[in-house]
Amino acid sequence: MSDTASQPDASYLLRKLHSFTGVLPVGAFLAEHFWSNSAALVDPRKYDEVSRDLQTIPFRLVVEWAFIFLPILFHGLYGIYIWLRGKSNVSAYPWVGNWQYVAQRYTGLIAFAYIGWHLYTERWLTHGKSTYATVAQDMANPWYLAFFVVGILASSFHLGVGIWNFLCKWGLATTAKAQEAAGRLGVVIGVAFSFVGILIVLSFRLNWHPFAFYYINK
Amino acid sequence: MAETKKVIVKVKRQAGPNDPARREEFSLSWRPSMNVIICLRDIAENPVTRDGKKTTPITYDSNCLEEICGSCAMLINGKARMACSALVDQLEQPIRLEPLTKFPLVRDLSVDRQFMFESLKRVKAWIPIDGTYHLGEGPRVSPEVQAKGYPLSHCITCGNCLEVCPQVNEHNQFMGAAIISQVRLFNMHPTGAMNKRERLEAVMGPGGIQECANAQNCVKACPKGIPLTESIAEVNRDAWKQALLGWFLG
């Protein structure tokens, strides 16, 4: 490196890490989490089998901390720091991108608070041994139910916009046309995650298992 | 004789950065093709407010009057734009004029955009061609690069892209879209590319490209229609590649 020029500064590397962790592993974990929980759509027994498999993975605590808790904590806290360094002006310039900029911050905060509560109720209080029955019991509480729905929608929106941001910010979608396409991909991802998330909630709430006929008794 | 049509202009005035701000309203005679600069000139010719009080001419920057010098950017009805291309007939009245808010105020509508010039220097937004001896002909510029670079060369450093950017504010020294787009322009040029690494290191420095949060207001506000978000994405790609390779391979 030349001695006259400045090195990439820490804020550059942290910003890139923030952007990257949003997709990997946080976004990827959200996908895995929705996928695993979709087992409820098949059968409560299937759900408990999937849950038990996840609860008994080797190096569980290491995996949880390294790939789930710490990345979410970093992404959330650094995200709040980024928020504080911005100054929204959406009332003067009410453009779509500018609204997304604001919404990305609020949904991020909601998702972060929700995930904290969700971890406390479904991971901490159950000692990491949630079953279909414990989740269904929580979902019977209308306040819990409402917070689940809000948390799922906020996380899904945040991921959809985040994918768009990621593709733009890493120069993977550069032209206006490519960025529009990336935006549509973000919409598809956000809507798909919202849809699947709500189906899972309904499954617990209504004891509804649309794929029950898939189930094979072990 | 029919009464002439009037144009009402409301100007935020401030004698200096630390002086109190006040608003003055002016009533001007309408003329065809009138723009905001003509309003300000008419006020200078007869600096009397709407209610008949004598005042001073308004301080503002302007030069070319055809949207190529970049000096007359201001807030017109709350939006950052060039005063010379803001036609009175297309504006809601009273026309509210205020200085840009992201740059230090000089007086009235005039601001100091030195920050942008300093940023351009930081990223070496030029092509070094002078040597102590004749360097010979430079490499040819392909028509493709010419076609991509030409729109970027339209930047007039007006500062509208910084003004509308939520990431440019008192907590954040983000250099802004215009500067990053110039990095792309000069890195694209075969002679300019000789300093590509230095420019990329500068945009990864404090207040650099990492501060962009993709609100994409810049591209909407640019009076020259420069594809600023495309420039940011392109420079972003080059920057992280260089950071990664520099990091691992030195």
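Start by selecting A:A111, which has 27 C-beta neighbours inside 10 Å and therefore counts as buried; the cut-off for that label is 20 or more. Keep in mind along the way that this is a predicted model. The residue A:A111 sits in helix 4 of chain A. Now show what surrounds it. Apart from neighbours within four places in sequence, A:A111 is in contact with A:G151, A:A154, A:S155 and A:H158.

Next, select residues 142-169 of chain A, which form helix 6, together with residues 176-206 of chain A, which form helix 7. How do these two helices pack? Two packed helices are described by the angle between their axes and the distance between the axes. Here the axes of helix 6 and helix 7 of chain A come within 8 Å and cross at roughly 160°. Angles over 145 degrees count as roughly antiparallel, so helix 6 of chain A and helix 7 of chain A are roughly antiparallel to each other. The crossing of helix 6 of chain A past helix 7 of chain A is right-handed. Colour the residues of this contact by type: 19 are nonpolar, eight are polar and one is charged.

Now bring chain B into view. Where does chain A touch it? The contact involves 33 residues of chain A and 33 residues of chain B. On the chain A side, the elements that give two or more residues are helix 1 (10-37), helix 4 (96-124), helix 6 and helix 7. By type, the chain A side divides into 13 nonpolar, 14 polar and six charged residues.

Stay with chain B for the last stop. Its domain assignment gives domain 1 (6-111) and domain 2 (114-249); give each a colour. The centres of domain 1 and domain 2 of chain B, taken over C-alpha atoms, are separated by 31 Å. Where they meet, 13 residues of domain 1 of chain B are in contact with twelve residues of domain 2 of chain B. To find the largest share of the domain 1 side, select strand 4 (residues 79-82) of chain B, which gives three residues. That side of domain 1 of chain B divides into seven nonpolar, three polar and three charged residues.

Notes
Residues are numbered from 1 along each chain as its sequence is written. Chains are lettered from A and ligands numbered from 1 in the order in which they are written. This is a predicted model: local features need pLDDT of at least 70, side-chain atom pairs count only at pLDDT 80 or more; totals for chains, interfaces and linings use all residues. Axes are lines fitted to C-alpha atoms, for helices over the stretch in contact, and angles run from 0 to 180 degrees between N-to-C directions. Helices (H or I, at least four residues) and strands (E, at least two) are DSSP runs, numbered from the N terminus. Angles under 35 degrees count as roughly parallel, over 145 as roughly antiparallel, 65 to 115 as roughly perpendicular and the rest as oblique. A crossing is left-handed if the near helix is turned anticlockwise from the far one by less than a right angle, and right-handed if clockwise. Ala, Val, Leu, Ile, Met, Phe, Trp, Tyr, Cys and Pro count as nonpolar, Asp, Glu, Lys and Arg as charged, and the others, Gly among them, as polar. Two residues are in contact if their C-beta atoms, placed from the backbone, lie within 7 Å. Domain bounds come from an automatic or database domain assignment. A residue is buried if 20 or more other C-beta atoms lie within 10 Å of its own, exposed if 12 or fewer, and partly exposed in between; C-beta atoms are placed from the backbone.
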